[in-house]
Amino acid sequence: MRFTSEQRLDDGVVEREFTLGEIPGTLWTPGPASASAPVPLILMAHNNGLPKSQSRLVARGRHTAAYGYAVAAIDAAGCGDRPRSAADEQARADLRRAMQAGEPVDEIFESLVGPLVANAAPEWRTTLDVLLALPGIGGPVGYSGWMALGIRLAVAEPRIAAAGFFAGGFVPRAQREEARRVGVPLLMLLQWDDEGNPRQRALDLFDAFGTREKTLHANMGGHTGTPWFEGEDVNRFYGRHLK
């Protein structure tokens, strides 16, 4: 891992850009005054190929680090500015066209997101190995964000102790099956009028999760309308399970 930049934010949080082989990432850590001992780590992923620099992800990362966590985001394979295959770009275009036209999107979605999850999960696990070896970062580990990837990691990665998921209307079939094997505590945020995630599918997926400790928070509004106070509730959730 090579750190390429560092800045200290107004609240004391340190934001560092890094590269790990071909993987670019961002690491936020709390200021020295609030991190006298090793802090828990939260892996924070955005949906379906969007970049780690997306403004809402950056805001969440900084906010969460200020509560005493190390927070990491990466651009995994096919995400952000990393190379995308011609087949992926065509699938994205087909998906946008079908959604705008109100046509079925399941098979297009499978062809795009299934491989994204399969390729992203090993890179996240490699990043986790390196992050946990850094001074000042201990454990346990939480996950926050993109549900399809989070399901795969929660099943495959025993170091993850709690997970926060968003949306969930469209999740590949493989991850819908894996959901039954998720055993860690989870908090799922659902926007009731999410234009891109069918509500009933998200509710069915929540019902399918195998863990005995799962909580659903549903709020009115579209995909980007999650109320500010949910961030506080999410931090309390991580506080129960990671601190």
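This is a predicted model: local features need pLDDT of at least 70, side-chain atom pairs count only at pLDDT 80 or more; totals for chains, interfaces and linings use all residues.
Residues are numbered from 1 along each chain as its sequence is written, and side-chain values use heavy atoms, with hydrogens and water left out.

**The sheet and its helix**

- Nine strands make an open sheet in the order β1-β2-β3-β5-β4-β6-β7-β8-β9, with mixed pairing. Strands (E, at least two residues) and helices (H or I, at least four) are DSSP runs, numbered from the N terminus, and two strands pair if DSSP finds at least two bridges between them.
- At the edges are β1 (2–8) and β9 (214–219), each of which pairs on one side only.
- On average, neighbouring strands of this sheet are turned by 20° against each other, direction ignored. Axes are lines fitted to C-alpha atoms, for helices over the stretch in contact, and angles run from 0 to 180 degrees between N-to-C directions.
- Three bridges join strand β4 (residues 39–45) to strand β5 (residues 70–74) in the parallel sense.
- Helix α3 lies across β2 (14–20), β3 (23–29), β4, β5 and β6, and runs at about 160° to β4.

**Nonpolar cores**

- The largest nonpolar core has 54 residues, of which Trp 124, Tyr 143, Trp 146, Leu 149, Ile 151 and Phe 209 touch the most other members. Helix α3 (residues 106–131) gives the most to this core, with 11 residues.
- A second, separate core holds 18 residues, including Ala 65, Val 71, Ala 73 and Ala 162.
- Such a core is a set of buried Ala, Val, Leu, Ile, Met, Phe, Trp, Tyr and Cys residues joined through side-chain atoms within 4.5 Å. Buried means under 20% relative accessible area, exposed over 50%, and partly exposed in between (1.4 Å probe, protein chains only).
- Leu 149 touches Ala 45, Val 117, Ala 120, Ala 121, Trp 124 and Tyr 143, leaving aside residues up to four places away in sequence. Contact here means heavy atoms within 4.5 Å.

**Around Ala 154**

- Ala 154 belongs to helix α4 (residues 147–156) and counts as buried because its relative accessible area is 10%.
- Not counting residues up to four places away in sequence, Ala 154 touches Ile 160, Val 182 and Val 184.
- Ala 154 and Gly 142 lie 12 residues apart in sequence and 9.3 Å apart in space, C-alpha to C-alpha.

**Aromatic rings and charges**

- The whole structure contains seven aromatic pairs. Rings of Phe, Tyr and Trp (its six-membered ring) pair if their centres lie within 6.5 Å; planes under 30 degrees apart count as stacked, over 60 as edge-to-face and the rest as tilted.
- One of them is the edge-to-face pair of Tyr 143 and Phe 165, 6.1 Å centre to centre with 65° between the planes. This pair links distant parts of the chain, with Tyr 143 in strand β6 (residues 137–146) and Phe 165 in strand β7 (residues 160–166), 22 residues apart. Both Tyr 143 and Phe 165 are buried.
- Trp 228 and Phe 229 are also edge-to-face, at 6.0 Å centre to centre and 80° between the planes. Trp 228 is exposed at 69% relative accessibility, and Phe 229 is partly exposed at 35%.
- Tyr 69, Phe 237 and Tyr 238 are linked by ring pairs into a cluster.
- The charged end of Lys 243 sits over the ring of Tyr 69, 4.5 Å from its centre. This term requires NZ of Lys or CZ of Arg within 6 Å of the ring centre and within 35 degrees of the ring normal.
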